[in-house]
Amino acid sequence: MDRNKRKPVDYLIIVFSPILLLFIWQFVSEGGLVNTAFLPSPVKVLQTFIGMLSNGRFHEHFSASIVRVSIGFCIGTVSGITIGILSGLFKKVDDVLTVLFSVLRSIPTIGLIPLIILWLGIGEISKVVIIAIGSFWSILLNTQSGISGTDVKLLEVARILQKDKLTVLGRIILPASLPSIITGIRLGISGAWRSVIAAEMIASMRGIGYMIQYAREMSQPAVMFVGLFILGIIGLALDLIVKLLEKKLIFWS
Amino acid sequence: MANEEINQIEIRGVNKNFAIDKKSVDVLKDINLEFKRGEFVCIVGASGCGKSTLLRMLSGLEPVEQGEIVIGGEKVLAPSLKTGMVFQESRLFPWLSVEKNVEFGITRSKAKRSKPADKKKVVENLIQLVGLKGFEKAIPKQLSGGMQQRVSIARGLINNPEVLLLDEPFGALDAITKINMQNEILRIWESERKTMILVTHDIDEAVYLGDKVVVLSSRPGSVRKIINVDLPRERDRSSPEFAAVCSKIYKEFFKDAKIKEPEYYI
């Protein structure tokens with residue numbers, strides 16, 4: 001434990017190293033060492049961001065992405081948890097799905113985008129479906145393994161006490177697999193976030209993915225950097241939110 | 001029950017074998033035992049002698065394939081609310097408070113659905129009985145090993161079983177906590193008057209607690225000797241009489257000149 005304990009000086013390093021990097025970047029970019037058409041300075045990126053905030057352009061793209069991710073992620077979560085519970089509980093369901101799912105799961109979500117556009121068009125539905133798939137697999141797998149990994153010793157207690165199946169599911173199996181399900185949700189959110197950008201880059205007129213893609217065509221590198229920063233920050237924020245949720249929900253670990 | 005019951009628990013001709021690597025391994029061989037209502041029975045044996053398996057068969061967790069076990073006139077075929085069980089690990093639900101863990105034990109039979117108020121009272125009384133008053137809201141990870149085992153005992157008693165089975169319940173506790181818990185379980189036994197069957201590898205524990213000590217031989221486990229401990233309670237571990245009973249059991253173990261791994265006899 002002692003080795004991992006951070007001293008005040010360590011925190012200084014943690015905070016100041018990225019700031020230092022920004023300064024170097026600013027210096028390199030504004031000092032004419034690199035072409036600003038490739039690497040706009042951080043100050044320029046920030047100015048662009050403020051400009052996009054005030055003229056509503058940022059909000060338009062940002063909200064489009066967030067809405068899609070929210071809907072797609074909810075669908076992916078609900079279906080992942082449901083199928084995960086069923087296949088974790090009933091061996092028959094697992095037997096039916098196992099080969100099919102092993103193959104489907106191995107297809108990168110991005111690879112499915114053309115097919116989904118063919119089937120569902122380039123509207124909102126296809127993007128939501130892509131996001132749902134992007135979050136589905138990790139939630140499914142983690143739910144499944146949580147359910148089937150429930151401590152046999154606890155299940156024996158239920159047998160001794162002659163508990164019915166519903167009680168065993170609701171009061172033992174589900175809480176016992178909650179940590180695993182939340183891990184799945186964490187991976188699922190990041191999967192959803194990845195796939196929304198992919199979908200928007202290929203077929204969209206709005207969204208952060210589109211914004212980045214379009215900025216390249218318009219030679220607006222600062223806008224691309226705004227988009228990338230936002231992707232990083234939102235991705236990190238989502239991860240932190242789920243971690244926080246995990247701490248609250250899994251109070252016993 | 002008014003009918004004259006000679007023995008509450010009868011184990012007749014029980015054998016058990018497990019398939020390990022496709023080979024059948026004998027675990028228990030020709031076990032015949034009889035216990036009276038309210039007795040405190042300790043079963044001692046080396047690790048791997050099948051004593052826990054025997055207890056699991058008594059609980060209905062492990063099927064009885066050869067021979068039969070009868071408790072209170074009924075053959076054991078599956079777990080029953082007539083028997084409670086306490087395991088070596090407390091097996092508490094880590095997400096439930098002490099109170100809720102004990103309450104979880106309540107299984108309502110269709111015949112007598114207990115009212116919520118009664119439920120609360122029963123839980124309260126049991127928590128009091130095991131000496132955990134004031135810890136109702138704590139969750140298991142906040143409790144010491146001994147306290148967790150107290151919760152487990154309360155849960156085992158909640159359906160008011162006729163028999164409480166204890167599978168090395170104090171095996172994982174430190175020496176001092178263990179002695180405290182032994183006194184606790186005696187106190188509970190004296191106040192509740194349940195039949196208690198406790199499996200242990202600790203000879204001292206068996207002699208301290210049991211009216212009757214069943215000594216099992218090593219694999220396959222068979223009954224080597226049944227020793228009635230007639231010492232008055234509260235027993236004095238340092239008395240020569242106590243030591244005499246212990247040494248009698250030790251000698252039973254060491255009769256097997258071939259097996260001399262001392263770790264078996266701790």
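User: Is Ser102(A) buried or exposed?
Analyst: This is a predicted model, in which local features need pLDDT of at least 70, side-chain atom pairs count only at pLDDT 80 or more, and totals for chains, interfaces and linings use all residues. Residues are numbered from 1 along each chain as its sequence is written, while chains are lettered from A and ligands numbered from 1 in the order in which they are written. A residue is buried if 20 or more other C-beta atoms, placed from the backbone, lie within 10 Å of its own, exposed if 12 or fewer, and partly exposed in between. Ser102(A) has 9 other C-beta atoms within 10 Å, so it is exposed.

User: Which helix of chain A holds Ser102(A)?
Analyst: Helices are DSSP runs of H or I with at least four residues, numbered from the N terminus. Ser102(A) falls in the run of residues 91-105 of chain A, which is helix 4.

User: How many of the 25 residues of helix 6 of chain A are buried?
Analyst: Helix 6 of chain A is largely enclosed by the rest of the structure. The reason is its count of buried residues, which is 20 of the 25.

User: How are helix 3 and helix 9 of chain A oriented to each other?
Analyst: The axes, lines fitted to C-alpha atoms over the stretch in contact, come within 7 Å and cross at roughly 135 degrees. Angles run from 0 to 180 degrees between N-to-C directions. Under 35 degrees counts as roughly parallel, over 145 as roughly antiparallel, 65 to 115 as roughly perpendicular and the rest as oblique. Helix 3 and helix 9 of chain A are therefore oblique.

User: Which helix of chain A gives the most to the side that touches chain B?
Analyst: Residues are in contact if their C-beta atoms, placed from the backbone, lie within 7 Å, and 13 residues of chain A are in contact with 15 of chain B. Helix 7 (152-160) and helix 8 (165-202) of chain A each supply at least two residues. The most, six residues, comes from helix 7.

User: How many residues of helix 4 of chain B are buried?
Analyst: The buried residues of helix 4 of chain B include Met147(B), Arg150(B) and Leu157(B). The helix is mostly covered, and its buried residues number 11 of 13.

Definitions and conventions. Two residues are in contact if their C-beta atoms, placed from the backbone, lie within 7 Å.
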